[in-house]
Amino acid sequence: MHGESRCVRCGPVPPLHVPEHIGAEILASVVERVAADADPAGRAGVPLWCPWPLPTGWTLSGVAWAGDDPGGVRATAVACAGPAPLDGGPADLLFVAEEPGVGLGSRFAGLPGPDPGPQVAEALSEPGPGHPERVPRAKIRVAGHPTPLWLVNSPTDRSAYAGEARGMWLHAIAWPASAGHLLAEEVVLHDLTEWTPPELVYGAPSPYLHGRA
């Protein structure tokens, strides 16, 4: 018997909390929970990274956090959905911020291990051809700062990027893989715990936050 949540491959992991639906009130409650873990002395908590402004036709489709009362919030996830940049079909994006060793981003990206460090090191030393569908590298601005994200070797049904922002891992995962082309454009990520835009549009719940990935 174990008192903590466990992954069959990784062992103990922080429990993941995913609201069944998404809307302004639900987002506000998650923002309040995540922001409550920020250090009063000035150390920032785990950010809730959301593209803002959202790409044309896109909606916010989900939000989640990993952690418990003793350990606090250790990871967050924000999901968006909209038309794919190449064919206009349905596409989903998931942004994960996490402390080292949590493994939430790797789980959605389909990577082995709790952290993408080995994959990022490989991408830096041997860029190679990248994803089979030739998905380009990401061009992201995080809280106003250019932030590199490297394409990692995900399953072919998605494209996954990993990097660092505010001393934590930042993952961006796109379904289908070709939707990663959206990240080749100028995408700006904003921390919803600092300010939640009232103009946010909410869509149907993300299937990837609810077990499809």
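This briefing walks through the fold, the cores, a cavity and a handful of individual residues.

The model is predicted. The protein has 4 helices and 12 strands, and of its 213 residues 47% count as buried. Among contacts with a separation of 6 or more, 62% join residues 24 or more positions apart.

**The nonpolar cores**

- In soluble globular proteins, nonpolar side chains tend to be buried together.
- Here the largest nonpolar core has 40 residues. Those with the most contacts inside this core are Leu27, Leu48, Trp49, Leu60, Ile140, Leu183 and Leu189.
- Another core, of 23 residues, lies apart from the largest one, and its members include Ala64, Ala79, Phe108 and Val152.

**The cavity**

- Rolling a probe the size of a water molecule over the atoms shows where empty space is left.
- The count comes to 1 cavity of 30 Å³ or more, and the largest cavity holds about 30 Å³ of space.
- Its lining is made up of Ser61, Ala79, Cys80, Asp92, Leu93, Leu94, Trp175, Ser206 and Tyr208.
- Strand 6 (72-83) and strand 7 (90-98) are the elements that give two or more residues to this lining. Strand 7 provides the largest share, with 3 residues.
- Sorted by class, the lining has 6 nonpolar, 2 polar and 1 charged residues.

**Side chains that reach a backbone oxygen**

- Ser29 sits in helix 1 (residues 24-35). With 40% relative accessibility, Ser29 counts as partly exposed, because that class runs between 20% and 50%. A polar atom of its side chain lies 2.7 Å from the backbone oxygen of Ile26.
- Thr147 belongs to strand 9 (residues 145-152). Its relative accessibility is 10%, so Thr147 counts as buried. A polar atom of the Thr147 side chain lies 3.0 Å from the backbone oxygen of His145. Not counting residues up to four places away in sequence, Thr147 touches Ile140, Val142 and Glu164.
- His190 is part of strand 12 (residues 187-191), and at 17% relative accessibility this residue counts as buried, because buried means under 20%. The backbone oxygen of Trp195 lies 2.5 Å from a polar atom of the His190 side chain. Leaving aside neighbours within four places in sequence, His190 is in contact with Leu48, Trp49, Cys50, Trp52, Trp195 and Pro197.

- Glu186 is in the loop between strand 11 (168-175) and strand 12. Its relative accessibility is 53%, so Glu186 counts as exposed. Glu186 and Ile140 are 46 residues apart in sequence, while their C-alpha atoms are 6.2 Å apart in space.
- Pro85 is placed in the loop between strand 6 and strand 7 and is partly exposed, with a relative accessible area of 31%. Pro85 and His181 are 96 residues apart in sequence and 6.6 Å apart from C-alpha to C-alpha. Setting aside neighbours within four places in sequence, Pro85 is in contact with Ser178, Ala179, His181 and Leu182.

**Backbone details in the loops**

- The peptide bond from Trp52 to Pro53 is cis, with omega near 0 degrees. Pro53 lies in the loop between strand 4 (49-51) and strand 5 (59-68).
- A cis peptide bond also joins Trp175 and Pro176, with omega about -15 degrees. Pro176 is found in the loop between strand 11 and strand 12, and Trp175 is one of the residues lining the largest cavity.
- Ala143 has a phi near 50 degrees, a positive value in a residue other than glycine. This alanine lies in the loop between strand 8 (138-142) and strand 9, and at 37% relative accessibility Ala143 counts as partly exposed.
- Arg166 has a positive phi too, near 55 degrees. Look for Arg166 in the loop between strand 10 (159-165) and strand 11, where it is partly exposed with a relative accessible area of 37%.

How values were computed. Residues numbered from 1 in each chain as written. Predicted model: local features only at pLDDT ≥ 70, side-chain atom pairs only at ≥ 80, totals over all residues. Heavy atoms only, no water. 1 Å grid on protein atoms, 1.4 Å probe; cavity = no way out; pocket = protein on both sides within 12 Å on 5 of 7 lines; lining within 4 Å. Points joined across faces, edges and corners; volume = space filled by probe spheres on them. Nonpolar A, V, L, I, M, F, W, Y, C, P; charged D, E, K, R; others polar. Buried < 20%, exposed > 50% of the residue type's maximum accessible area, 1.4 Å probe, protein only. Polar contact = N/O pair within 3.5 Å; in protein donor to acceptor, adjacent residues only side chain to side chain. Core = buried A, V, L, I, M, F, W, Y, C linked by side-chain atoms within 4.5 Å. Contact = heavy atoms within 4.5 Å.
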